[in-house]
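Let's take a walk through this pair of chains, starting with one residue and ending at the place where the chains meet. Have the viewer open as you read.

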2 protein chains.
Amino acid sequence: MLTEVIKMLELMPILDNTKNTPLYVQLYEYIKQGIQNETIKPGMKLPSKRKLANHLGISQNTIQTAYEQLCAEGYTESNPRKGIFVINMEEDLFHFSTIETKLNKDKDKDKKKELEYIIDFNSGKIDLDYFPYSTWRKLTTQSLFSENSNLLSLGEPQGEKHLLEEISKYLFESRGVHCSADQIVIGAGTQFLLILLCMLIGKDYRYAIENPGFHRARNVFKDQGMDIQPISVDKDGICIEELKKSSANVVYVTPSHQFPYGMVMPISRRMDLLKWCTERDGFIIEDDYDSEFRYKGKPIPSLQGLDIIGNVIYMGTFSKSLIPSIRISYLVLPLTLMKKYKEHLKVYKQTVSQLHQDTLYRFMNEGHWSRHLNKMRTVYRKKHKTLLSSINKYMDENVEIIGDNSGLHILLKVKNGMSEKDLITAALKMKVKVYPTSIYYDKYENNRFPCIMLGFGGLTEIQIEEGIKILKNAWSI
Amino acid sequence: MLTEVIKMLELMPILDNTKNTPLYVQLYEYIKQGIQNETIKPGMKLPSKRKLANHLGISQNTIQTAYEQLCAEGYTESNPRKGIFVINMEEDLFHFSTIETKLNKDKDKDKKKELEYIIDFNSGKIDLDYFPYSTWRKLTTQSLFSENSNLLSLGEPQGEKHLLEEISKYLFESRGVHCSADQIVIGAGTQFLLILLCMLIGKDYRYAIENPGFHRARNVFKDQGMDIQPISVDKDGICIEELKKSSANVVYVTPSHQFPYGMVMPISRRMDLLKWCTERDGFIIEDDYDSEFRYKGKPIPSLQGLDIIGNVIYMGTFSKSLIPSIRISYLVLPLTLMKKYKEHLKVYKQTVSQLHQDTLYRFMNEGHWSRHLNKMRTVYRKKHKTLLSSINKYMDENVEIIGDNSGLHILLKVKNGMSEKDLITAALKMKVKVYPTSIYYDKYENNRFPCIMLGFGGLTEIQIEEGIKILKNAWSI
């Protein structure tokens, strides 16, 4: 049987060069809508890049990028040597497959079947559709082809100077962090940098962590054999009184967007925390993991920017704000610790690829980074708004939204009597994946109302609204 | 003043398409010889890629690659937007600049001046001139442009399955390592993987390390708070008797090429070591860091391949054999530890870039990896031979060569009465950089004859011979 190829005449998008929207986005939107409203039928083959490029009078690269987007979002799939085909969608409601389902394709078929059309409120997911892939590719290619033999060698333990300078500039301008490039150490992920920090600060200190708090950080401190003390969190962040009662002199905090509760630490609490730290002659580890995205009120500068003594260690990542796969996070060390780093830890080689360091440098230096952040702020603000309005529209007074000022997730306190486990299971039965918050507690008490974590970064607005509708039914609220 | 551009007619290499030598190598050799014998004068500008491509009737890519080689080796330098120029060489003897001097260009001018023409016997350097950069670039570009959205997401904690499968195949075929892909964990460098191992094995075990041994590994064990016991090394590797007297039940060894002494552990010692390990119910960490390069005798398979109980943890790296900048090393875990890894350490995210994982997969899968290894074996064998013959030719009986069967370095025991420090200083005064071995000892005794480490991977044969001549004079031997 011959596969039906979409006729050229059926693909006549009106592409407008003068618009702000790139041509490939216009083409992608056009085809996507065709697939959604079924003017383009399931199983049909898309025209070859070359033919369509000729037909529309645009470059093959533009077509390529649009086709890739469609494949990435699961509207089409590529069959090597045969071409690109519109997929057969089995259900009307779930016109999408997430990145996760793509990753899981290798796994056994049953599991695949089950996961294929899930709406996944994973807080670790970000919106990759808006990632400026063509720019990133262009710059990666430039890095690859530059006459810069550094790309082959190992490079500096701290990271390459030109990238560190861009990061330092960015942190000053957008987060009020005061540091020279020489105070920055980059590394392949926050966990590796926390391991370095443990080795740097050492075991003569006692560590406090937020409870609930970021489990991956708690894991590192535990695995590194640190003496850790969980400290409760109230509406303003970590409790200073409880901190004072503890014997800790190092504290790991997430003041810009407490993980997982989402509150922003107000200035008064910040000053108290700094005062506590000065008195103990200790350190504050400020993890600013998703501070780039803030939806209400004025931005609050980093703790590091308020610190005049040099007690604050600042850390951040490009995993949330750019892409996780390049594995670039960073530490900003106070001068005392930087000295110690240079004496003891330069023996540890840099873990980030030179190619990605160079590409990220170009990306920041040419202004793409700040443009990307601005764009993503708008994208996530819209999704955030959709999430809140959907909850308000579909759910009743048995739910309470927590932590809705910033970041890529919110918490939903559910008071219908179901346990956290029941809520998650009931949702999964209806193909919506939601996440527990109990794992973030040092010791979780089962008697409180469960809080469910809803990440929205990786979902479309339609998915978010659909997901909330389904959750409403699953939980009968 | 107008810069003199090399006249096209002066560049008439006879390029032979039918030769085994790639065209870009032929072109590069032609221009290099022109610069060396000064038919191409210092300060002259090379023709643009486009013009030369037209002139010679070959592709611009070929020209590009040849030009890059020349730049990488310091014969020419690129001046952005102006072109590529033949550099002014100040001294006749030192017609080269190493990668290191390029890296140091940013540093202060005096220091630069001093380092510019150094011959650096750094054992960490590898020969990057033979790195198949154009293939690597091509495959990287393929990865970048493939319709594989995985490249944007974080991926599996252990590493991507298709790459792990290639590594498993390679290890079986070339090192006799028995493992499934699912027993492999990749990570951004050996140090990070050793940290993971420390967390995995834990502090209930006591660790033995070779003395002398790899300092970066010792550092990790120390920084991870492990109880470490240094064990002497004799002509066959780590001393089993001393190991038996210790309370250790985990040992870190380099049996294929002891670091730094260079001996290969014979089969009898291997069997003794395995027996010791079984009796103690412990683990052997086998670091096979540069086993790919062996110059004498038959290859000896890995310890892991001899292990039937499951006590051996095998580790290796692509830093020595391919390039350090992609940051890919790997662990092969016995099943018991793999189970523990999956239970406790999957919380640690993968540290290697997805792009490089995919590119390396393509590189291995298409056969480039084994071709590259074969080529490098020949390259390093020649350098190794030049090093040994130069020492025999120029130096007297006051030196003794140690560890000359494999790897990218040898040791030179110097018996002229000078201390290790004096030997290094005297060499540096004559612009040759050599390295101590005292740092590899747990406690170094000053009264033995010093051993100087000579790495040859990053030097050309001419540099090696020149370096040995200079050392002869510097040390009066």
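This is a predicted model: local features need pLDDT of at least 70, side-chain atom pairs count only at pLDDT 80 or more; totals for chains, interfaces and linings use all residues.

Start with B:Tyr440, which sits in the loop between β15 (435-436) and β16 (451-455) of chain B. Is this residue buried or exposed? B:Tyr440 has a relative accessibility of 6%, so it counts as buried, the limit being under 20%. What does B:Tyr440 touch, once its neighbours within four places in sequence are set aside? The list runs through B:Asn211, B:Pro212, B:Gly213, B:His215 and B:Arg218, then B:Phe259 and B:Pro260, and finally B:Met453. Take B:His215 from that set: 225 residues separate it from B:Tyr440 in sequence, yet their C-alpha atoms are 5.4 Å apart in space.

Now for the nonpolar cores. In soluble globular proteins, nonpolar side chains tend to be buried together. The largest nonpolar core here has 136 residues, and the members touching the most others are A:Leu454, A:Trp475, B:Leu454 and B:Trp475. Leaving out neighbours within four places in sequence, A:Trp475 has contacts that include A:Met395, A:Leu412, A:Val414, A:Leu423 and A:Ile452. A:Asn416 is also one of its contacts. There is a second, separate core of 90 residues, with A:Leu197, A:Val233, B:Leu196 and B:Leu331 among its members.

How do the two chains compare? Chain A can be laid on chain B with an RMSD of 0.1 Å, using a turn of 180 degrees and a shift of 0.0 Å along the axis. The two copies are therefore related as by a two-fold rotation axis. Both copies use the same surface, as 100% of the contact residues of chain A recur in chain B.

Here is the interface in numbers.

| Feature of the chain A and chain B interface | Value |
|---|---|
| Residues in contact | 52 of chain A with 52 of chain B |
| Area buried between them | about 5100 Å² |
| Share of that area on carbon and sulfur atoms | 59% |
| Salt bridges found by the rule | 0 |
| Residue pairs in polar contact (both at pLDDT 80 or more) | 21 |

Which helices of chain A supply at least two residues each to the side that touches chain B? They are α3 (60-72), α4 (99-103), α6 (133-145), α8 (190-201), α9 (215-223) and α14 (354-365). α6(A) gives the most to that side, with 6 residues.

Methods
Residues are numbered from 1 along each chain as its sequence is written. Chains are lettered from A and ligands numbered from 1 in the order in which they are written. Side-chain values use heavy atoms; hydrogens and water are left out. Copies are superposed by least squares on the C-alpha atoms of residues with pLDDT of at least 70 in both. Contact means heavy atoms within 4.5 Å. Helices (H or I, at least four residues) and strands (E, at least two) are DSSP runs, numbered from the N terminus. Buried means under 20% relative accessible area, exposed over 50%, partly exposed in between (1.4 Å probe, protein chains only). A nonpolar core is a set of buried Ala, Val, Leu, Ile, Met, Phe, Trp, Tyr and Cys residues joined through side-chain atoms within 4.5 Å. Buried area is the accessible area (1.4 Å probe) that two parts lose on being put together, summed over both. A salt bridge is a side-chain nitrogen of Lys or Arg within 4 Å of a carboxyl oxygen of Asp or Glu. A polar contact is a pair of N or O atoms within 3.5 Å; within protein, one must be able to donate a hydrogen and the other to accept it, and residues adjacent in sequence count only if both atoms are side-chain atoms.
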